[in-house]
Amino acid sequence: MLTFLRVKGFAIIDELQVEFENGFNVITGETGAGKSIIINALSTLMSAKVSSEMVRSSVPQAEVMGHFFKGDEEFILKRVINASGRSRGFLNDDPVTLARLEDLGERLINIYGQNEFQDLLDKGSYIGVIDNLLSLNSERGDLAVKVKELKEVSTKLEIKKREVDGRDKESALLEFQIDEIERENIKQGEEVQIREQLKILKDAEKIKNCLLGISEGLYEGDGSVHTMFRTCMAMLKPFSHIEAIEGLKKRIESVSFDVEEILIHVKEIEKTLSVDSDELQNLEDRLSRIYILKEKYGKTYEDIQSYKEAAGKRLSYLKTLSTDITELENRKALLAKETGELAVRLSAARQEGAGRVEKLIISELGYLSMEGIQFTVSVADKGAIDEEGKDDIEFLISTNPGEQLKPLRKIASGGELSRIMLAIKRVIGGDEEKTLIFDEIDAGIGGRVADLVGKRLKELAKYHQVICITHLPQIAVYGDHHFLVEKYQEKNVTTTGIRRLPKGERISEVARMLGGITITDLTIRKAEEMLHNAEKGVN
């Protein structure tokens with residue numbers, strides 16, 4: 001529902017703001033006062049396209065702001081257009097794309113009399129309209145679930161079939177890779193250990209010579225450390241009864257034992273330095289194979305093991321593909337059968353109900369004195385089944401006897417289209433929280449027909465907020481809320497304003513619409529009578 005509209009610097013509007021109410025809002029005013037400009041401003045708020053000519057010449061930019069409610073949601077939409085034609089959109093004061101504004105416009109408003117924002121000119125909405133009217137939403141929902149499931153199964157099946165095509169090659173490769181990793185059977189830390197061994201073996205001769213020199217110097221050579229320590233202890237032995245000398249002797253003896261232990265360790269290292277060319281080659285070959293595994297399957301031991309695990313899972317999956325494909329093919333066939341049956345039943349229900357819808361709409365058109373119009377709901381097979389079924393639905397209409405039926409969206413705009421839309425809207429209902437705006441609905445009618453249009457708009461306003469621009473008193477008197485658009489001059493500048501009329505002024509405005517320039521007492525009484533009859537629902 002549109003609760004508030006503010007327009008600044010737009011066309012001949014300097015600044016205007018108006019609060020609309022629920023129910024039937026009528027907007028009247030003299031020709032040229034700017035009634036349709038207000039609707040143009042509102043449609044500009046919702047349309048991605050706007051001309052810089054809409055910016056008032058005396059200001060740098062135009063601004064349109066609308067405050068809407070839809071259920072528990074609140075929307076404050078604003079559009080700012082500068083003189084160069086560039087514009088910006090805002091939602092609740094946050095910048096948004098113009099496409100976002102346009103999308104919201106389709107959710108919040110239908111403007112009848114212009115080709116924008118008309119749900120009934122959108123062929124894509126017809127299936128929803130018909131199904132809602134015939135209470136087929138549940139059936140369509142069931143079909144949509146099956147179609148979605150069928151698509152998912154079909155996609156899985158195609159993927160698995162493509163995998164089967166290369167399954168043998170992929171399985172052979174995976175088996176080779178797993179076998180290669182298992183055959184090498186590398187251990188955690190093995191690579192570091194081999195590299196350390198190779199460092200030692202490659203310098204074995206040098207290390208052996210070094211250790212030999214150490215052995216000679218510590219123990220085995222003339223004048224070795226061990227010999228010198230023994231000599232020193234022998235020299236000190238005669239004086240062992242002296243405590244200080246005995247302590248020195250024991251220290252030398254202890255160090256001598258350390259030298260012997262070092263020598264034992266040196267001998268142990270020497271034993272490991274037997275250079276075997278085959279062993280060296282084997283270690284180098286082993287390290288090379290580890291490097292190859294790392295290049296193929298991962299940079300670390302953990303990576304290689306993870307690759308092997310993943311390859312094993314993939315190999316197991318490939319071995320079950322044939323079984324999976326058979327199951328999916330059976331599931332797909334069953335779903336295709338169920339989907340086809342649901343689509344056929346839904347199509348039959350639509351075709352059966354289409355005749356009832358046609359009769360209701362033709363009857364409503366007749367009520368609005370449009371007896372010559374033909375209306376048909378075409379339900380054709382589109383050759384495929386999707387979430388909405390197998391049907392291609394089109395609303396066809398012929399506005400003159402003998403004319404060929406044409407799609408509703410292709411007939412001329414204007415008052416005739418607005419009244420056709422009113423008739424269809426009354427039959428089909430729709431989103432009760434949308435604002436319906438009728439412009440030019442009174443073009444080419446008057447008298448009794450105008451009164452009937454007014455009644456229908458009043459009835460429609462029980463379920464929607466309705467805003468209608470009209471020149472006819474027969475329509476205006478049915479409004480729950482009456483707004484007057486006036487054009488006035490201020491300092492040689494023409495501008496437009498709008499205000500809500502209290503009861504007394506409303507009588508005067510209806511009288512003006514009835515009598516033109518000269519308003520007599522009879523005209524006033526007639527206006528009062530029309531308002532009274534409309535309020536009481538008297539024809």
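This note walks through a sheet, the helices on it, and a pair of packed helices.

1. A word on the source: the model is predicted, so local features need pLDDT of at least 70 and side-chain atom pairs count only at pLDDT 80 or more, while totals for chains, interfaces and linings use all residues. Residues are numbered from 1 along each chain as its sequence is written, and side-chain values use heavy atoms, leaving out hydrogens and water.

2. Let's begin with the sheet. Six strands make an open, antiparallel sheet, ordered β2-β1-β4-β5-β6-β7. Strands are DSSP runs of E with at least two residues, helices are runs of H or I with at least four, and both are numbered from the N terminus; two strands pair if DSSP finds at least two bridges between them. Because β2 (13-19) and β7 (94-96) each have a single partner strand, one side of each has no neighbour in the sheet.

3. β6 (residues 87-91) pairs with β7 through three bridges, in the antiparallel sense. Here G89 has V96 of β7 as its bridge partner.

4. Next, a helix on the sheet. α1 (residues 35-46) lies across β1 (2-10), β2, β4 (61-70) and β5 (73-82), at about 100° to β1. Axes are lines fitted to C-alpha atoms, for helices over the stretch in contact, and angles run from 0 to 180 degrees between N-to-C directions.

5. Finally, the helix pair. α16 (residues 503-515) packs with α17 (residues 521-536) at about 115°, the axes being 8 Å apart.

Methods:
Contact = heavy atoms within 4.5 Å.
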